[in-house]
Amino acid sequence: MLTFSRTAALINQMVQDQVIPGASYALIDGAEWHTNQVGVAQIKPTIKPLWPDAMYDLASVTKVVGTTTVAMQLMQNGQLEIDRPVHDYLPTLQSTTITVRNLMTHTSGLSGYIPNRNALSADALLAAIQQLPISERNRNHRVVYTDLGLIIMGQVIERILGAAIQPIITERVLQPLGLAHTSFQPRLAQTVPTTYSMKLGCYGGSFMILRPES
């Protein structure tokens, strides 16, 4: 495929210059498409070359592709109001002032630190997030990118639909779009690790995973 030969050359150069350890990519030109992988999937504790059909953690793209899309569906159906206080949907939330719009636009003013957060269970951490203080100085006035708002938005969606956010996104977004290789439950042997620690070794994220051809 000559159309994107420069693009492929740039990706290869980035790997050679050690800007990135490796990359999997798809080049698409109309009905013609080409996939390839270069470099390595990991450098610790040992070097492991990339392989065809490797799956990657989408991480915060989940906010846009998954949580935001479902929230917009609920707004369209009249089940969610953008300027309504989040507390109306999630009574366990400490704040009674932040709105759905605040969560979606990173203007909620959510702030603070959760002590020992890495030692908490998932349920305990989610409960702690709901009790974080709000900076009224920032709310509605300052955009501060944060995971917290969309995490709480996920809890709102779960309460409205009565199911966990992962299967909700799968059924309402991934399946209708035909993203058969995008999943919250990939086979670990297929995934490219995102983190390495002496204690846990190599491991990946906990959000959506996709293959390049998805």
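Tutor: A residue is counted as buried when its relative accessible area is under 20%, and as exposed when that area is over 50%. Please bear in mind that this is a predicted model.

Student: What percentage of the residues in the protein chain is buried?

Tutor: The protein chain has 214 residues. Under the cut-off of 20% relative accessible area, the buried share of the chain is 34%.

Student: In what pattern do the helices and strands follow one another along the sequence?

Tutor: The protein chain holds 6 helices and 7 strands. Read along the sequence, these elements give the pattern α-β-β-β-β-α-α-α-α-α-β-β-β.

Student: Are helix 2 and helix 5 roughly parallel, roughly perpendicular or oblique?

Tutor: Two packed helices are described by the angle between their axes and the distance between the axes. For helix 2 (residues 61-76) and helix 5 (residues 147-161), the axes are 10 Å apart and the angle is about 45 degrees. That angle makes the arrangement of helix 2 relative to helix 5 oblique.

Student: Is the crossing of helix 2 and helix 5 left-handed or right-handed, and which class of residue has 8 members in their contact?

Tutor: The crossing of helix 2 and helix 5 is left-handed. Residues of helix 2 including V70, A71 and L74 meet residues of helix 5, among them L150, M153 and I157. By class, the contact of helix 2 with helix 5 has 2 charged and 3 polar residues, and the class with 8 is nonpolar.

Student: How are helix 5 and helix 6 oriented to each other?

Tutor: Helix 6 covers residues 165-174, and its axis lies 9 Å from that of helix 5, at an angle of about 75 degrees. In this contact G154, I157, E158 and L161 of helix 5 are joined by I165, I168 and R172 of helix 6. Angles of 65 to 115 degrees count as roughly perpendicular, and the orientation of helix 5 and helix 6 is therefore roughly perpendicular.

Student: Which residue is joined to P45 by a cis peptide bond?

Tutor: P45 is placed in the loop between strand 2 (32-42) and strand 3 (48-49). The cis bond has an omega of about -10 degrees, and the partner of P45 is K44.

Student: Is N116 buried or exposed?

Tutor: N116 belongs to the loop between helix 3 (100-105) and helix 4 (122-130), and its phi is positive, near 55 degrees. Because the relative accessible area of N116 is 59%, this residue is classed as exposed.

How values were computed. Residues numbered from 1 in each chain as written. Predicted model: local features only at pLDDT ≥ 70, side-chain atom pairs only at ≥ 80, totals over all residues. Heavy atoms only, no water. Axes fitted to C-alpha atoms, helices over the stretch in contact; angles between N-to-C directions. Helix = DSSP H or I, 4+ residues; strand = E, 2+ residues; numbered from the N terminus. Parallel < 35°, antiparallel > 145°, perpendicular 65-115°, else oblique. Left-handed = near helix turned anticlockwise from the far one by under 90°. Contact = heavy atoms within 4.5 Å. Nonpolar A, V, L, I, M, F, W, Y, C, P; charged D, E, K, R; others polar. Buried < 20%, exposed > 50% of the residue type's maximum accessible area, 1.4 Å probe, protein only.
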